[in-house]
Amino acid sequence: MKIWIVLLISLTPFCLFAQNSLGPRLTAMGNNGAAVTDVWALQANPAGIASLTRPTISINYIKHLFSDEISTQASVFVLPIKRDFIGASFQRYGFAEYNESKVGFAYAKQFGERLSIAINTNYHQLKISNYGTSSGFSVDVGALYHLNSEFAFGAFVNNPSKQKFSSKEVSLSIPTTFHAGASYLASDKVLIATSLSKSLGQSVDVNIGIDYKIIEMLSLRGGLSTRPFKQYAGFGLNYKKFLLDMATTYDANLGYAPQIAVGYAF
C-alpha cells in the first residue's frame, strides 16, 4: 500500500496533502483562524498573535486514525515586545516513506488599538523515499481589525507569489489560499467565528465555530466546515499559566483525527 502511495505522490502534480495545524482551539472551532486571536494563529492569520500579552509556547500532536503510521507534530512560540510580536512555528506531517515539514518565522505589529498586520516566512521541506528531498520558500501575509470590543474582521493569504518546490523529479506546488473571516464576542463567555477559504483550483470552504467558556478555566468548542464536510469538537483547560487543549475532527472519508496541545504562558 505504501509503495502505491509514494508512487502516486511522485508522479502526479498536486498541492500538498497536509494542512496547517491550527492547534486544538482553532480546529475545534471549525478550523477558524482568520479573525480569532490565539498563539496558533501563527499557522493561520499571523496578525492574530498581536493580542497576546505574555510569551506563549504550545506543542501539538495529531493522530490520523485512518492510518497507524501517519501523524502531525507542530509547535508555536510567540514573544510580545510592546506593540511588536515575534513568532516561530514548526510542523511535520507524514510517515516513514513520505513526510513534509515547515518552519516559519513571523513578525506582527499593532497600529493603534484596532489594527494589526503581520508577515510570515516559511521554509518547506519534502522527503520521499527513493526520490530524495525537495525544498521551497513561501510567504504569508495577514491583517486583523477590531471594529469594537465585540466584532473583529481578518484576512490573510498563504503563498500569494505562488512559489513551488525545487524538485526536478516531482512537480509540486505550495498551496496558495485566500481567507477572510469575522468573529463576534457575544458575551464574556461566548465567541462565535466564521470564515471563507479559497484555494486555487478548489471550491470555497465555509467554516463556522463557537467557543463557550463554562467557567473561567474550562471551555467547550464545536464547529463545521463544508468543503469537504467536517465536524469538529473539543475543549480547553486554562489553569494559571498552563494550557491544555484537545480537539477531534471527523471526516466521513478519513474518520477521526484527535489532537492534543500543551502550552505555557510565561
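The protein chain carries 22 positive and 16 negative side chains, and the centres of the two sets are 4 Å apart. In this count Lys and Arg are positive and Asp and Glu negative, with His and the chain ends not counted; each charge is placed at NZ of Lys, CZ of Arg, CG of Asp or CD of Glu. The structure is a predicted model, in which local features need pLDDT of at least 70 and side-chain atom pairs count only at pLDDT 80 or more, while totals for chains, interfaces and linings use all residues. Residues are numbered from 1 along each chain as its sequence is written, and side-chain values use heavy atoms, with hydrogens and water left out.

**Overall fold**

Two helices and 16 strands make up the secondary structure of the protein chain; these are DSSP runs, of at least four residues for helices (H or I) and at least two for strands (E), numbered from the N terminus. The radius of gyration is 18 Å, which agrees with the value near 18 Å for a compact globule of 266 residues. That radius is taken over C-alpha atoms, and the globule rule is 2.2 Å times the number of residues to the power 0.38. Of the 266 residues, 45% are buried, where buried means under 20% relative accessible area, exposed over 50%, and partly exposed in between (1.4 Å probe, protein chains only).

**R221 in strand β13**

R221 belongs to strand β13, which spans residues 218-226. This arginine counts as buried because its relative accessibility is 11%. Its side chain is joined to that of D211 by a polar contact of 3.0 Å, that is, a pair of N or O atoms within 3.5 Å, one able to donate a hydrogen and the other to accept it; residues adjacent in sequence count only if both atoms are side-chain atoms. Leaving aside residues up to four places away in sequence, R221 also touches others, including R25, M29, F235 and D245; contact means heavy atoms within 4.5 Å.

**Backbone features in loops**

A cis peptide bond, with omega of about -5 degrees, links R227 and P228. P228 lies in the loop between β13 and β14 (229-239). The loop between β8 (151-158) and β9 (172-173) holds N159, and K162 is in the loop between β8 and β9.
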